[in-house]
Amino acid sequence: MWKAALFDLDGVVFDTEPQYSVFWGCECHRYHPEQPGLENRIKGQTLPHILDDCLCISKEEQRSLIERLDAFESQMSYDYVKDFEKFIISLREKDIKTAVVTSSNIAKMNSVYRQRPELHTYFDAILTSEDFAESKPSPDCYLRAAGRFDAKPTECVVFEDSFNGLKAGRAAGMLVVGLSTTNLESQIAPYADLVIPDYGESDLLFKNINLHCETKIHN
């Protein structure tokens with residue numbers, strides 16, 4: 001019933017959001033102490049958009065921030081969300097195409113690959129910020145991912161944790177599974193068809209997604 005599973009990266013594949021909350025909390029306070037909680041509102045945005053449109057800092061300040069970010073990401077722990085590996089393997093055994101669709105750039109992904117070289121074996125495609133023109137909540141990234149597999153939006157399931165990512169999946173016309181790894185279940189429920197804490201009980205999760213797909217088609 002569905003051909004492709006499209007995953008955001010941070011907070012969906014890797015449980016990294018607590019680490020990013022610390023980094024971006026410090027950076028947002030450095031430049032905009034008058035905007036508490038700004039680090040939460042920028043989640044899911046590409047780095048250029050954060051620097052130019054959200055933080056609105058000079059090129060020199062951008063270079064300094066990027067250096068701090070590169071150093072931070074090179075030392076981060078990339079631990080999988082609970083039972084992710086089991087779930088992704090089960091999808092591939094069912095011949096469902098899999099893709100990462102992330103606002104992270106290639107430089108960040110190189111840090112990921114150094115720690116997790118097996119990541120390539122879990123996905124048929126990995127799309128980064130360099131692969132699409134508009135950042136989330138625009139649906140552009142997910143529509144491009146669907147195009148890689150010649151799949152219709154109704155044949156794709158999006159896995160997201162951030163508000164912008166959830167909105168992007170919904171705008172793309174895809175079934176959206178929200179992970180409450182970053183925000184509370186009650187907060188993301190209005191933007192998702194199904195909310196899960198992690199990938200535990202993968203067989204049951206797969207069946208629940210099928211049921212939601214059937215309901216969505218019949219409605």
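What share of contacts between residues at least 6 apart in sequence join residues at least 24 apart? I looked this up for the chain and got 66%. Contact here means heavy atoms within 4.5 Å.

I note that this is a predicted model, with pLDDT of at least 70 needed for local features and 80 or more for side-chain atom pairs, while totals for chains, interfaces and linings use all residues. Numbering runs from 1 along each chain as its sequence is written, and side-chain values use heavy atoms, with hydrogens and water left out.

**Overall form.** I found 11 helices and six strands in the chain. These are DSSP runs numbered from the N terminus: H or I of at least four residues for helices, E of at least two for strands. I then checked the box around the C-alpha atoms, which is roughly 50 × 35 × 30 Å along the principal axes.

**Burial.** Of the 219 residues, 51% are buried. I took buried as under 20% relative accessible area, exposed as over 50%, and partly exposed as in between, with a 1.4 Å probe and protein chains only.

**Helix 5.** I turned to residues 84-93. Phe84, Phe87, Ile88, Ser90 and Leu91 are buried there. They share one side of helix 5, because their arc around the axis is only 160°. That arc is taken over directions from the helix axis to the C-beta atoms. An α-helix has 3.6 residues a turn, so residues three or four places apart point the same way. On the face turned away from the buried side I found Lys86 and Glu93, both exposed. Asp95 follows helix 5, and its phi is positive, near 60°.
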